[in-house]
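I opened this entry to look up the ligand site and one stretch of strands. My notes follow the display.

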Amino acid sequence: MIDTIKWIGGSGNAPASQVMILDQRLLPHTVSYVECTDYRQVVDCIKTLAIRGAPAIGIAAAMGIALAASAISASDVKEFSSRLSTAIDDFLNSRPTAVNIQWAAERIERLIETNKHLPVSAIKDMIAKEGVIILNEDIEINKAIGRVGADLIKDGATVLTHCNAGALATGGYGTATAPIRTAIAQGKRVLVIADETRPILQGARLTAWELMQDNIPVTLIADNAAGELMRRGEIDLCIVGTDRTAKNGDVANKIGTYSVAVLAKEHNIPFYVAAPLSSIDFKIERGDDIPIEERPSHEVTNVFGRCEIAPKGVKVINRAFDITPAKYVTLILTEKGAFRPEDIHKLDPKGKTQ
Ligand code: MRU
């Protein structure tokens, strides 16, 4: 499995500290990494989708904040924190829907608060290590989701997925792809149907590519073909990822997810959402409160940033994500087990409603 993101350096003060980001804008044609030595390059990679997928951009933010931290000279922790907050804000403002950036930033802020009695240099080292810890934890969390979800996949099953919630969207192994990878490791035969996922084509460019790299059987369909495959009985279950899931179990994910969920319900096909706890926002009560990113119109009027497919000047709506209400979700698969959407609030670490 190819690395989505790597930290080179190890110490917050090491001059060679770098974040290496696999440039997903160029996939599936070219495999190349963007070498980031300044946190602003990481912000740019997130904004322009060189790295994308909720857990992956959380990891990128953590490592980017570590790059920013390494470049700060401050005489005390208070000054250090206040100067670091500019970089943290830049990450928080980069992409609004996935909660993972906020989750990673809060984790680093807590780390600074807990260790504020230590010298600034020691805190910088800890922040640099934290990004790598978050990356490694993410892979283990995905494997746990895989163990939870693999039981839901029977031998010979065909699984529909939307967008890319695979290894490329995470530290590795993927969230929606985790049950598939685990089921295959258990010896089951599984076929993946990948929605192409207009407008950015994460399904065609990324999911199909990453699964083929790992010899996992995958068939690509146009987004508008999913309903007909379901009507013909050619899909057994759906598994998607999430950018942010609200406390009531409403799910924000790539635009088009809602249509798949409604179709799945109509055809009595289970619709599962793979969600690490880092993607569940217990501060948000319902899906309609989740901020939805609006992206540039050229993503819809052009394919691959080149070929124009619409008349110049046409008006465009380009919401990057949609909300799938909880009633369409069969189960949410987390590292702590599978939950009905109405029970997901029980995982709230601060919840008194358990
Ligand atoms: O715009 P993207 O490519 O960042 O959107 C990604 C998705 O919608 C994924 O399904 C989601 O982040 C889950 S990734 C494990």
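I count a residue as near a molecule if one of its heavy atoms lies within 4 Å of it. The model is predicted, so local features need pLDDT of at least 70 and side-chain atom pairs pLDDT 80 or more, while totals for chains, interfaces and linings use all residues. Residues are numbered from 1 along each chain as its sequence is written, and side-chain values use heavy atoms, with hydrogens and water left out.

Ligand shell. I found 18 residues around the ligand, with Arg52, Arg95, Asp243, Asn253 and Lys254 the closest.

Polar contacts (pairs of N or O atoms within 3.5 Å) came next. A polar side-chain atom of Asp243 is 2.8 Å from a ligand oxygen. For Asn253 the distance from such an atom to a ligand oxygen is 2.7 Å. A side-chain N or O atom of Lys254 lies 2.8 Å from an oxygen of the ligand.

How much of the ligand does the protein bury? I read 99% of the 420 Å² that the ligand exposes when taken alone, by the Shrake-Rupley method with a 1.4 Å probe.

Helix 2 (54-70) and strand 9 (251-254) are the elements giving two or more residues to the shell. Helices are DSSP runs of H or I with at least four residues, strands runs of E with at least two, numbered from the N terminus.

Strands. I then looked up strand 5 (residues 190-195) and strand 6 (residues 218-221), which run parallel and are joined by 4 bridges; pairing takes at least two bridges found by DSSP. Asp195 stands opposite Ile221 of strand 6.

Note on methods:
A polar contact is a pair of N or O atoms within 3.5 Å; within protein, one must be able to donate a hydrogen and the other to accept it, and residues adjacent in sequence count only if both atoms are side-chain atoms.
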